[in-house]
Amino acid sequence: MTALPTDALIADRVGIADLFTRFSRLLDERRWDDAHTVFTEDVTAHSPRGGEIHGLDRLIAFVRQSEVEGERTQHLTTDLLAEVEGDRAAVSANSLVYFFRDGQAPHLTSGLRLSGTAVRTPVGWRLRESWTVLAWTRKD
């Protein structure tokens with residue numbers, strides 16, 4: 001494996017960190033029309049609630065039908081690790097998710113382990129495969 005120049009490696013890591021931020025905000029703000037800024041068209045997503053989902057349109061349909069009326073989320077994603085090899089990267093992170101209703105304290109908190117494959121596209125890094133594993137849940 002040939003090492004990337006430091007500037008290129010830093011740029012890739014920043015781009016992948018931004019990808020995870022866009023992912024969290026997509027979920028928290030329910031901006032499903034912006035899913036193409038996070039995922040490739042041929043994405044495969046593995047979810048504890050949805051199983052294996054193929055394709056961006058199916059993924060969007062799944063998250064829309066999973067919405068709970070009046071419930072919101074706040075995702076805090078940390079411990080990002082990206083192992084970049086050319087135009088692909090093995091990525092992983094931890095995420096805390098708070099479930100709440102406007103003006104109220106969270107009623108549910110979950111810890112997630114995120115992993116997958118990110119790919120470089122002409123418009124930036126996107127997730128081609130995403131794994132979400134529930135590590136724990138606490139009812140508050």
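Predicted model: local features only at pLDDT ≥ 70, side-chain atom pairs only at ≥ 80, totals over all residues.
Helices (H or I, at least four residues) and strands (E, at least two) are DSSP runs, numbered from the N terminus.

Residues are numbered from 1 along each chain as its sequence is written, and side-chain values use heavy atoms, with hydrogens and water left out.

**Overall dimensions and surface**

- Along the principal axes, the C-alpha atoms fill a box of roughly 50 × 30 × 25 Å.
- Buried residues make up 39% of the 140 in the chain; buried means under 20% relative accessible area, exposed over 50%, and partly exposed in between (1.4 Å probe, protein chains only).
- Of the contacts between residues at least 6 apart in sequence, 52% join residues at least 24 apart, where contact means heavy atoms within 4.5 Å.

**Charge**

- There are 17 positive and 21 negative side chains, and the centres of the two sets lie 3 Å apart.
- Lys and Arg count as positive and Asp and Glu as negative, while His and the chain ends are not counted. Each charge is placed at NZ of Lys, CZ of Arg, CG of Asp or CD of Glu.

**Annotated domain**

- An unreviewed UniProt entry places the feature "domain: SnoaL-like" at residues 10-129. UniProt positions are in the numbering used here, feature names are shortened, and annotations may be inferred rather than shown by experiment.
- Residues 10-129 are 25% helix and 50% strand, and the end C-alpha atoms of this span lie 22 Å apart.

- Phe 39 belongs to strand β1 and is buried, with a relative accessible area of 6%.
- Setting aside residues up to four places away in sequence, Phe 39 touches Phe 23, Leu 26, Leu 56, Leu 59, Arg 126, Leu 127 and Ser 130.
- Phe 39 and Glu 129 are 90 residues apart in sequence, yet 8.2 Å separates their C-alpha atoms.
- Leu 134 sits in strand β6 (residues 124-139) and counts as partly exposed at 43% relative accessibility.
- Beyond its neighbours within four places in sequence, Leu 134 is in contact with Pro 48, Ser 110, Gly 111 and Leu 112.
- From Leu 134 to Ala 82, 52 residues apart along the chain, the C-alpha distance is 20 Å.

**Backbone angles worth a look**

- Most residues other than glycine have a negative phi.
- Arg 30, not a glycine, has a positive phi of about 55 degrees. Arg 30 lies in the loop between α1 (6-29) and β1 (39-47) and is partly exposed, at 31% relative accessibility.
- Asp 79, also not a glycine, has a positive phi of about 55 degrees. Asp 79 is found in strand β3 (residues 72-85) and is exposed, with a relative accessible area of 52%.
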